[in-house]
Amino acid sequence: MQIEHFEIMQFLSAHPPFNELPKSAVQQLASEVEVGYYRAGSEILHYGESISDLYVVRAGSVEVYRRNGELYNRISEGGLFGQRGLLTNRKVRFPVMALEDTLVYCIPVSLFEAFCDEHEAFADFFEADDSGGLIQAVSDQADNNDLTTAKVKTLLLRELVSVELTRSIRDAAKLMTEEQVSALLIYDPSKPVSDDPEDDDGQIVGILSDKDLRIKVVAEGLDTHQPVATIMTRELTIVDSNAYVFEAMMMMLRDNLHHLPVVHKRRPIGVIALSDILRYESQSSLLFVKGIMEQQSVEDLAHYAQSLASVFVRLVNEDANSHMVGTAMSVIGRAIKQRLLELAEDELGAPPVPYCFIALGSMARDEQLIVTDQDNALILDDTFESGKHDSYFSALAKFVCDGLAQCGYKLCDGGIMATNPQWRLRASEWQTQFEDWIDNPKPEALLHSSIFFDLDGVYGHSQLASRLSELVAKKAKIAPRFLAAMANNALRRTPPLGFFKDFVLEQDGEHKHSLNIKRRGTAPLSDLVRVHALAIGSRKHNSFERLEDIKEAQLLPSGKVEDLEAALEYIATIRIRHQARKIEQGKQPDNNILPKRLSEFEQRNLKEAFAVLDKAQSYLKIRYQNKAILK
Amino acid sequence: MAIQGDILSWPNRFAHLARQSNDERLRAFYNAGVQLPETPVSEARFVALDFETTGLNHETDDIVSVGLVPFDARRAYCRDAKHWILKPATPLHEESVVVHQITHSQVREAPDLGTILEELLASLAGRVIVVHYRHIERPFFNQALMQRLGEGIEFPLIDTMALEHRIETNRLTWWQQIKRQPIPSIRLADSRKRYGLPYYIAHHALSDALATAELLQAQLQHHYTLQTEIKTLWM
């Protein structure tokens with residue numbers, strides 16, 4: 001006897017993908033479901049537990065989280081969850097919480113699989129769903145091989161190897177050979193150990209690598225009886241054991257490090273090598289950066305850069321969050337610039353005076369995506385003499401900017417490029433320029449130059465760039481008129497919400513019915529965050545990192561920073577996914593999203609995110625403009 | 001049925017009834033036993049039961065449809081749900097047809113309760129029976145068996161309507177109780193609404209049984225703990 005659960009049948013047949021199924025199939029589903037009720041705030045699926053059902057939300061709504069606790073999605077009536085776990089290794093990959101009191105229908109995996117086999121439309125739905133990576137994820141064994149969820153400590157396969165700083169270089173080399181490590185940590189037993197356990201670095205004072213032995217010892221013919229202290233690298237970049245592998249990778253790429261000491265509560269517990277990460281990740285962003293460095297000509301590089309889009313799509317499909325995607329794309333952009341500069345120096349010869357090539361705007365903020373202008377400039381050493389040296393730097397700039405254009409980075413409409421003599425200045429001239437911007441702020445002038453307030457050295461003498469950042473951080477926070485002018489600029493682009501909190505869309509032209517999510521969303525948000533960051537003298541560039549500083553400084557009323565973080569992440573995620581989807585469809589990625597194409601829930605969230613921006617802009621207006629008038 | 005009070009131990013009563021009963025099917029039902037009164041909610045096995053009847057008087061009316069859904073505190077199991085349309089011993093009134101929409105022709109082809117009794121009792125055996133509004137299922141079931149077997153049936157049951165009454169009354173302040181402020185509606189659909197449960201068609205025995213199961217799950221999560229003993233819920 002098959003009994004008819006009318007209520008369940010009726011509900012399922014009104015929602016995709018069940019609405020595509022024949023009536024008998026829906027009836028079978030309805031008669032085999034289990035029904036569960038979850039109170040608001042209770043956990044429905046716990047990370048890592050085994051899962052044997054596909055869940056359909058019958059009433060209420062749930063929130064799906066990434067493993068790191070970030071909100072991934074909200075699912076309301078008629079929505080599904082659990083499919084990821086079912087399609088991969090039958091373990092929950094995304095924990096789920098009930099946002100409201102929620103009733104779910106649970107479809108057993110046996111039936112789910114049978115239906116995927118029997119009904120093509122049903123199977124297609126799950127394949128197309130969630131950025132298409134589902135089925136593929138099975139073969140990727142994504143779970144423990146995922147840079148975005150694995151932590152650095154999982155890479156540590158052995159005990160820490162270290163020596164005292166007074167031991168000889170030879171002893172250190174012997175120990176490295178015996179232990180088969182390519183790097184040693186060096187400690188100083190006479191160094192006082194801090195009472196504060198949070199501040200204990202375990203007496204570690206340096207690191208020694210194979211490369212140091214090669215360059216500083218063998219090539220120089222150095223006496224190996226000397227203590228290791230003479231050749232160790234003293235400036236350590238350290239990673240916390242709880243950081244994601246992804247973050248460690250970015251640190252190594254940015255600073256060109258091959259070894260990274262790992263600390264747990266500031267106590268060293270090991271060292272990871274670039275090869276550890278390479279073993280982890282086979283063909284993605286990291287290898288891509290390595291490949292960039294191997295290209296021998298601008299043509300090769302331009303050809304190679306064509307697969308940038310697929311690296312981007314892959315990252316998005318691996319559920320990297322917007323910070324990770326932004327950082328990866330910036331690191332890649334930086335690598336391309338670095339390689340172009342190396343090639344330029346090969347062609348033009350060594351530079352006549354020291355210089356630093358700087359990235360501006362989104363790349364400097366580590367927020368670069370796939371559709372982007374090149375914004376860059378040159379800081380020249382003060383010994384620069386334009387009559388003697390400018391031909392070199394103008395040629396260098398042309399080489400790099402043309403090369404970037406060939407690699408897909410559009411020339412900047414505003415002319416903010418190193419090829420523009422206006423943005424090829426001596427360090428002291430830059431300093432004067434920045435001081436002038438801060439001391440005599442004219443909103444009009446700042447509108448075009450605010451991009452300079454996110455600057456980061458990419459190649460050459462990076463101190464030239466960091467000195468400028470330092471100047472800005474120190475001066476800006478005590479310049480209320482400057483902050484007011486920056487705030488004024490940050491208010492020029494408003495979120496696309498109308499009076500009735502509906503989306504305001506383009507009414508005509510090529511992008512009719514769309515909204516530009518960069519111009520109306522991510523850009524005004526990062527503008528706003530920049531103003532607050534300048535106000536507290538933060539030296540961070542990335543908007544999320546700036547928000548952390550802003551939170552620490554307690555600049556905003558409680559809860560506001562979290563709102564801004566969530567809004568930024570949400571808007572950026574929608575933008576990233578939009579671009580990835582366009583690329584997958586073989587179209588030109590852009591920033592124009594059609595809200596109609598978003599699910600009702602995505603629309604609601606996006607409106608909420610825009611509302612956060614709207615409120616934050618009102619606050620910005622009051623805070624900085626009033627202060628400026630009072631002073 | 002004065003004997004069914006709080007003072008009575010259901011396990012003893014079931015053992016007694018198993019010895020007394022003359023019907024094999026009823027003996028099997030009683031022999032399956034009853035869950036211990038101290039069983040925590042988390043371990044209890046429930047079955048939601050709903051009858052549609054020809055009218056409201058158990059002495060003159062009879063059962064036309066039975067729906068049941070086994071469940072526990074976590075899940076309701078639709079694959080083990082059951083639904084029957086029955087031929088009542090008393091004729092269908094037009095008014096009741098309007099309510100439950102079971103027609104004369106459906107009933108004409110339907111079996112008598114006696115022929116499905118074994119399966120029905122097997123589905124109920126060993127589980128705590130849950131209904132919404134206790135004055136239908138127990139008296140009608142008892143009366144129907146009296147008519148057919150010459151002996152009735154007894155069992156403990158949880159009434160989600162009574163629980164909801166208790167919950168809503170407790171919500172009132174002392175002053176509101178003195179003033180005899182009315183509590184909100186505790187009808188099935190209205191109660192469900194308060195827990196965010198969706199609207200289901202009423203007066204279909206299977207839908208109502210599922211609706212009742214879901215309601216108890218919601219009540220347990222909101223007002224009780226998983227350690228609550230079932231004796232505090234049943235009557």
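Across the interface of chain B and chain A the rule finds 3 salt bridges, a salt bridge being a side-chain nitrogen of Lys or Arg within 4 Å of a carboxyl oxygen of Asp or Glu. B:Arg79 forms a salt bridge with A:Glu34, with 3.3 Å between the closest N and O atoms. This is a predicted model, in which local features need pLDDT of at least 70 and side-chain atom pairs count only at pLDDT 80 or more, while totals for chains, interfaces and linings use all residues. Side-chain values use heavy atoms, with hydrogens and water left out.

Contact (heavy atoms within 4.5 Å) links 25 residues of chain B with 27 residues of chain A. The two chains bury about 2300 Å² between them, 52% of it on carbon and sulfur atoms; buried area is the accessible area (1.4 Å probe) that two parts lose on being put together, summed over both. In chain B, B:Arg75, B:Arg79 and B:Gln221 lose the most area to chain A, together 28% of what that side buries.

Elements are DSSP runs numbered from the N terminus: helices (H or I) of at least four residues and strands (E) of at least two. The table lists those that give two or more residues to the side of chain B that touches chain A.

| Element of chain B | Residues |
|---|---|
| strand S3 | 75-77 |
| strand S4 | 82-85 |
| helix H10 | 205-223 |

H10(B) supplies the largest share of that side, 8 residues.

Strand S1 (residues 34-38) of chain A runs antiparallel to S3(B), joined by 3 bridges; strands pair if DSSP finds at least two bridges between them. In this pairing, A:Gly36 stands opposite B:Arg75.

Key:
Residues numbered from 1 in each chain as written. Chains lettered and ligands numbered in written order.
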